[in-house]
Amino acid sequence: MQRASGVIGTVKTKATTTDPCCGCCSLQSATKAVAIINIVLSVIYLLIAIIIGLFVATVGVTAGVEIAESPGGNEAASNKATGGAIAVIATIFAIIIIVVFVATLALGILLYLGAKRKDHTKCKIWFIIHLVFSVIFIIDGISGVTSFAGFIKLILTVLIIIYQLWIVYAFMHEIDPDNLARLDEYQPGTDGFNGIPNQEIQFTKNPYEQPPPYPQQNQPDNYGWGDNQ
């Protein structure tokens with residue numbers, strides 16, 4: 001009996017990116033790891049920012065009050081205005097620091113949920129915002145380099161940032177709806193093309209793999225011996 005098969009669909013997906021994990025783990029797991037690292041660092045930096053922010057705000061307000069209340073005759077009004085401005089600026093600066101690290105914490109949580117649920121939109125939001133923050137950080141870091149050790153530290157930090165972005169970008173490519181839509185038999189919640197988007201994928205349908213009843217074959221009843229027995 002000959003085993004029959006027929007090609008019912010051919011799909012060619014977009015070109016893939018190089019696997020940043022070298023096959024050591026799935027891109028989903030690596031993206032979760034990036035998210036967890038960002039969450040932990042954000043919590044640490046947030047606590048530090050709250051302490052520094054409160055300190056700066058307290059010092060600024062105290063200095064502003066002292067200047068505002070300092071005697072000066074005709075300069076009393078000017079001192080009061082200057083003291084009030086210092087207090088306001090210090091408070092705004094403290095709030096900005098705290099808001100920035102709250103935002104990075106929220107982004108880390110967003111990326112983790114995106115990786116867990118294979119949500120392309122959440123991962124894309126994290127990627128774009130993190131890319132903008134990274135560019136600002138790098139520009140600020142370059143302007144603040146004053147020693148060779150500081151330069152080496154900046155280079156290492158940039159490499160880590162690029163690697164994190166690479167992992168998330170590769171995972172985004174893996175779960176890209178445009179790629180998954182090219183698969184005729186793709187079902188929501190599956191692994192899609194399983195990390196091989198740069199290949200032609202053929203789906204075959206074999207009649208013998210279908211549930212019974214199977215097609216009947218035309219065969220002689222007595223296997224060719226005839227009626228003479």
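**Aromatic pairs and a buried alanine**

Phenylalanine 101 has a relative accessible area of 24% and is therefore partly exposed, a class that lies between buried (under 20%) and exposed (over 50%), as computed with a 1.4 Å probe on protein chains only. The model is a predicted one, in which local features need pLDDT of at least 70 and side-chain atom pairs count only at pLDDT 80 or more, while totals for chains, interfaces and linings use all residues. Residues are numbered from 1 along each chain as its sequence is written, and side-chain values use heavy atoms, with hydrogens and water left out.

Rings of Phe, Tyr and Trp (its six-membered ring) pair if their centres lie within 6.5 Å, and the planes count as stacked under 30 degrees apart, as edge-to-face over 60 and as tilted for the rest. By this rule there are three aromatic pairs. One of them is tilted and joins tyrosine 45 to phenylalanine 101, at 5.7 Å centre to centre and 50° between the planes. Because tyrosine 45 lies in helix 1 (residues 27–69) and phenylalanine 101 in helix 2, this pair ties together parts that are 56 residues apart in sequence; helices here are DSSP runs (H or I, at least four residues), numbered from the N terminus.

Alanine 115 is placed in helix 2 (residues 76–117) and is buried, with a relative accessible area of 0%. Leaving aside neighbours within four places in sequence, alanine 115 is in contact (heavy atoms within 4.5 Å) with Gln28, Thr31, Lys32, Cys123 and Phe171.

Conventions. Helix = DSSP H or I, 4+ residues; strand = E, 2+ residues; numbered from the N terminus.
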